Amino acid sequence: QVQLVESGGGLVQAGGSLRLSCAASGRTFIRYAMGWFRQAPGKEREFVTAISWSSAMTLYADSVKGRFTISRDNAKNTVYLQMNTLKPEDTALYYCAAGRYGTGSYEYDYWGQGTQVTVSS
């Protein structure tokens with residue numbers, strides 16, 4: 001069992017940056033790939049980025065490639081999402097998830113409650 005708690009969301013102007021964190025409980029964190037998803041009002045939840053357990057592999061949605069960076073610190077049971085050059089269309093509730101490495105939400109078994117990111121124009 002893994003419990004995930006996101007933090008770091010907030011209100012930022014377009015062009016600004018935010019760093020999200022996701023703290024995981026349990027000693028099995030290292031067994032899981034980690035992903036970030038987001039859901040905007042009235043839209044389906046969508047994949048943002050993922051990282052393998054060893055950090056050797058990462059995936060990014062085309063919409064965030066070159067602006068967002070995922071990383072993890074297995075010693076701290078934490079995964080990070082550095083978001084730069086934010087756009088109003090990045091506004092969403094951001095979730096972290098633990099599971100198998102991939103882009104589909106079905107591949108992730110554990111989910112956090114989400115942290116809100118709002119980008120003003």
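These are my notebook entries on a single protein chain, taken from a predicted model.

**Entry 1: the overall build**

I began with the elements. I found eleven strands and zero helices in the protein chain. Reading from the N terminus, I wrote down β-β-β-β-β-β-β-β-β-β-β.

Next I looked up the dimensions. The C-alpha atoms fill a box of roughly 40 × 25 × 25 Å along the principal axes. I then asked myself how the radius of gyration sits beside that of a compact globule. For 121 residues such a globule would have a value near 14 Å, and the protein chain has 13 Å, so the two agree.

I also checked how contacts span the sequence. Taking contacts between residues at least 6 apart, I noted that 56% join residues at least 24 apart.

**Entry 2: surface and charges**

The accessible surface of the protein chain is about 6,300 Å², and carbon and sulfur atoms account for 48% of that. Buried residues make up 47% of the 121 residues.

For charges, I have 12 positive and 9 negative ones, and their mean positions lie 6 Å apart.

**Entry 3: the core**

In soluble globular proteins, nonpolar side chains tend to be buried together. With that in mind, I went looking for the largest nonpolar core here, and it has 34 residues. Which of them touch the most other members? My list reads L4, M34, W36, F68, L81, M83 and Y94.

Strand 9 gives the most, with five residues.

Setting aside residues up to four places away in sequence, M34 touches L4, C22, F29, T49, A50, I51, I70, R72, V79, A97, A98 and Y108.

**Entry 4: one tyrosine up close**

My last stop was Y80, which lies in strand 8. Is Y80 buried or exposed? Its relative accessible area is 14%, and buried means under 20%, so Y80 counts as buried.

Who surrounds Y80? Leaving out neighbours within four places in sequence, I found R19, L20, S21, W36, T69, I70, S71 and D73 in contact with Y80. W36 is also on my list of core residues that touch the most other members.

I finished with a distance. Y80 and K43 are 37 residues apart along the chain, and their C-alpha atoms are separated by 24 Å.

Note on methods: Residues numbered from 1 in each chain as written. Predicted model: local features only at pLDDT ≥ 70, side-chain atom pairs only at ≥ 80, totals over all residues. Heavy atoms only, no water. Core = buried A, V, L, I, M, F, W, Y, C linked by side-chain atoms within 4.5 Å. Buried < 20%, exposed > 50% of the residue type's maximum accessible area, 1.4 Å probe, protein only. Helix = DSSP H or I, 4+ residues; strand = E, 2+ residues; numbered from the N terminus. Contact = heavy atoms within 4.5 Å. Rg over C-alpha atoms; globule rule 2.2 N^0.38 Å. Areas by Shrake-Rupley, 256 points an atom, 1.4 Å probe, with all protein chains shown as cover. Lys, Arg positive; Asp, Glu negative; His and termini not counted. Charge placed at Lys NZ, Arg CZ, Asp CG, Glu CD.
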